[in-house]
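Visitor: Hi, I'm new to this one and would like a quick tour. Could you show me what we're looking at?
Guide: Happy to, here it is.

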Amino acid sequence: MLAACGSGSGSGAGPSRQTWTDVRARAKGQTVRWWLYGGDARVNAYVRRSVKPALARAGVTLETVRVTDTADAVSRVVAQRRAGKTSGGAVDLIWINGENFAAGKRAGLWLRDWARTLPNARYVDRGDPTIARDFQVPVDGQESPWSRAGFVFAADERRVPDPPEDLDALLAYARAHPGRVTYPAPPDFTGSAFVRQVVRAKGEDRAFAYLRALKPYMYRRGRVLPKSEAELNGLFANGQVDLAMSYDASFVLTAVRKGQFPGTARPFVLAGGTLTNTSFVAIPADAAHPAAAKVLANLLLDPRQQAIKADPDVLGNPTVLDPSRLPADARARAVRASRSPYLLADLGRPVQELAAADVPRLEARFKREVLR
Amino acid sequence: MTSRPGGRRGDLARLAPASLTVLVLFGGALAGAVRTSLVPLGGPPGLEAWRALVHSPGFGEAVRFTAQVTVLSTLLAAGAGLALAAALRRRGVVARSLLALPVTVPHLLAATLAVLWLAPGGVADRLLGGLPVDIVRDRAGLGIVLVYVYKEAPFLALLVLAGCGPALAEREEAAAVLGATPWQRLRWVTWPAVRAPLLLGSVIVAAYAAGAFEVPLLVGPNFPATLSTFAYEATQGDVVTGQGQAAAALLLVSGFSVALAAIAVRFARDVEGA
Amino acid sequence: MPLATARGRTAGLLLALAGALLVAVVVLPPASLVVQAFADVWRAPALVPQRFGTRGVQLAFGSGGAGAALLTSLAVATVTTGLALVLAWPAARVLGERRLRHPGPVALLLAMPLLIPPYAVGTGLTEWWLRLGLAGTAAGLVLAHLTLVLPYAVLLLLPGFGPGLRRLEEMGRAAGLSGVQRLRWVTLPVVRPTLAAAALLCALVSWSQYGTSLAVAPTRPTLPVLLLPFVGTDPQVAATLSVLFLAPALAALVVTVRALRVTT
């Protein structure tokens, strides 16, 4: 079972190892341009301190291109495609998932059949539905997993010692404390995820009835919603609302470290199940340095890197690796409990994401039925 | 009347570098935007994107709201700009530096500052213990108008002041000597000098207010949205097909701005009789 | 007589108050950025930050790459302004001296980049630059900025030229001055304030340019491109970068206004 070395698990170990040597040889001396979300200082620091040097040891230079939104990176690939470029693209690797991945897959933007050829892919449980499908869209080897996310909420334990246990309790709390609850408006990433969380818990029609019922008791009577998670965090930090939320399970830790949230903020999840997703890295088909990009993707799956990432002092992100497939010592490191009041040890019952095609439909329905 | 060597051909030659630059660089970009709105990635050309745009929920309100915010911002900025120019006409360096300060602050920063100061929980709220009126994120778009006036009134004032130099002061004095009343001086001497830069500047301000998305993104309401926010959100949804809709929305705004500019140029020319 | 002076005094006081309020509105918000840049913790309802620190500066210059972005912005702004003024000068001359019978279409063409939303220009330029092979290059960045700055250059140089200047130049020619001498002793001194104002605004437009810079050369970030992802997500770093952004702009402003004072 724990065939950590030698032929290992995974298809065609012999030939793929030779090809991998080719890839590594080709990658030496290349620069990989990795486009990723730039607004999280801790991710930037992790990439600079851990990933970049490790990659340099493999002879590859890392250049990060920080974007405000993954869509900006995908736009660039689309623009290149429109201009008729089929190689030498400026984007080598993108941190991506969900709708963005699905739209790119439909348009044939991503390199195919490479994720399974990575040596470290053997540590990943490909049978896990959250790894094999990205928002219900089959991954098909077009992207490699990197990070996990769970939708968590936050409350200040001084003001709200007893956070609501589920959505109905949340509605009751809003009724008892009008103007103290809000969520970002879709199509913001976090707001959209919150709506999906409600839909998963209640079913679509009842979910929208719930959101309409919640509206009059919300901050500013639900007529004005924050446009982004950052804005909601600002409201929470300034004590305007009592709840914050994020798809980043370690966001409370990050915000407290930033000095944004009070030290008494605590994360929690709702009983109806926690929306979870995996985020991946994808290589555009026209990338200039696909070999270097593959080496980077492989490095990101390295058990040591995943363990560093899971350390609450670094990022506190849960690992995408399957602990049962790791060698014993690596397993111990990965399973070490992240003991921090700002990180949840247990994210509750994971609930899978909806299909990527549903997301825009739900956002449009939200605009029509709730926002007006 | 050209006593300059080269005559008409010389004039065209002088206009060529700037015109060609704009034609090649910008013209190519504009053609690309039009193409994006008409040709989806990997599909046949068609009006899909335009149709989808017009039928999107909230499109009609977006058009009305954009027009409302643009007109209000431009008129208020022009009025304030004129007042500032008149007040600071004979002042010195310090006053003009202060006037130009908002011009150095880009719109994005100005909007961020507006949120920092004027939002609930912002600095003004903490100082005054509560603001009576919603300025940020209100449905009338007051926050947007405020940021644009903060930025553009000084810009317009500077344009106007650039047109009033010592030559104008001389002409005003000459008119006064000839017996013109203050009103007559204003109407026949000052206003014609001020009118052209003000008009041109206002058109630029209107075009910017109609088309930029950073300010409504930060201080504008969720609903109704502006056309530029529409474009931005379209690309956030489905990146591949959303670009067509975004391009269509922005070209719509451009059409309005170009029409406005053409009218303004025509108006200025008619009045000048040039 | 006493009533008139009393009223005059109240009017003067009100005017002074209005002026002070205006100054406060203009100066305080940017000043608050400096406070926020050094505020590790600043939450409502506190008027003064709860904790000061240099976290913002450390992050901005450390993993942020603020130094490189600053240099990129400076270089691009300088080159773009120079190019724009050179290209705009002859065109502004023709338009300013009212030598065209139909200036409308030319004016419209030159003003077009200002009438199209910056986001559309940015996306259109990316694709165009990709076809021309300019995407990601420093030259591509400069040309992209030039596209937006040139109209401002023409617009602001316009008032500097006119029949009056032409008469002076003709007098100079009649007096026997050569072309270069005319330029140096007649044209430049008269045009200098307009030139200074035009140079300043062109530099500012390039300095503040975000959408086009991001679209054309995201691997070579300018300061605004670096700044945007932090707005909202990390206010302290955003404030630090904002101060870094504003300081040179303000310095340029002061220098220009001083230069103007000498001539006006």
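**A short tour**

Guide: Let's start with chain B, whose elements run α-α-α-α-α-α-α-α-α-α-α-α from the N terminus on. Please keep in mind that this is a predicted model.

Visitor: How many helices and strands does chain B have?

Guide: Chain B has 12 helices and zero strands. Its C-alpha trace spans about 70 × 65 × 30 Å along the principal axes.

Visitor: And what share of chain B is buried?

Guide: Of its 274 residues, 53% count as buried. As for contacts in chain B with a separation of 6 or more, 72% of them come from residues 24 or more positions apart.

Visitor: Can we zoom in? Where is B:Ser56?

Guide: B:Ser56 is in the loop between helix H2 (48-54) and helix H3 (59-88) of chain B.

Visitor: Why does B:Ser56 count as buried?

Guide: B:Ser56 counts as buried because its relative accessibility is 14%, and the cut-off for buried is under 20%.

Visitor: What does B:Ser56 touch?

Guide: Not counting residues up to four places away in sequence, B:Ser56 touches B:Phe230 and B:Gln245. There is also a polar atom of the B:Ser56 side chain 2.8 Å from the backbone oxygen of B:Leu53.

Visitor: New topic: which residues touch the most other members of the largest nonpolar core?

Guide: Those are B:Phe155, C:Leu110 and C:Leu241, in a core of 141 residues. Leaving aside neighbours within four places in sequence, C:Leu241 is in contact with C:Ala60, C:Ala66, C:Leu226, C:Leu227 and C:Phe230. A second, separate core has 57 residues, among them A:Ala193, A:Tyr219, A:Leu232 and A:Leu253.

Visitor: Now the interface. How much area do chain A and chain C bury between them?

Guide: About 2300 Å², with 56% of it on carbon and sulfur atoms. On the chain A side, A:Arg66, A:Arg76 and A:Lys258 lose the most area to chain C, together 23% of what that side buries.

Visitor: How many residues does each chain bring to the contact?

Guide: Chain A brings 29 residues and chain C brings 28 residues.

Visitor: How many salt bridges are there across that interface?

Guide: The rule finds zero salt bridges there, and one residue pair in polar contact across the interface of chain A and chain C.

Visitor: Which element supplies the largest share of the chain A side?

Guide: H3(A) does, with five residues of the side that touches chain C. By type, that side of chain A divides into 11 nonpolar, eight polar and 10 charged residues.

Definitions and conventions: Residues are numbered from 1 along each chain as its sequence is written. Chains are lettered from A and ligands numbered from 1 in the order in which they are written. This is a predicted model: local features need pLDDT of at least 70, side-chain atom pairs count only at pLDDT 80 or more; totals for chains, interfaces and linings use all residues. Side-chain values use heavy atoms; hydrogens and water are left out. Contact means heavy atoms within 4.5 Å. Buried area is the accessible area (1.4 Å probe) that two parts lose on being put together, summed over both. A salt bridge is a side-chain nitrogen of Lys or Arg within 4 Å of a carboxyl oxygen of Asp or Glu. A polar contact is a pair of N or O atoms within 3.5 Å; within protein, one must be able to donate a hydrogen and the other to accept it, and residues adjacent in sequence count only if both atoms are side-chain atoms. Helices (H or I, at least four residues) and strands (E, at least two) are DSSP runs, numbered from the N terminus. Ala, Val, Leu, Ile, Met, Phe, Trp, Tyr, Cys and Pro count as nonpolar, Asp, Glu, Lys and Arg as charged, and the others, Gly among them, as polar. A nonpolar core is a set of buried Ala, Val, Leu, Ile, Met, Phe, Trp, Tyr and Cys residues joined through side-chain atoms within 4.5 Å. Buried means under 20% relative accessible area, exposed over 50%, partly exposed in between (1.4 Å probe, protein chains only).
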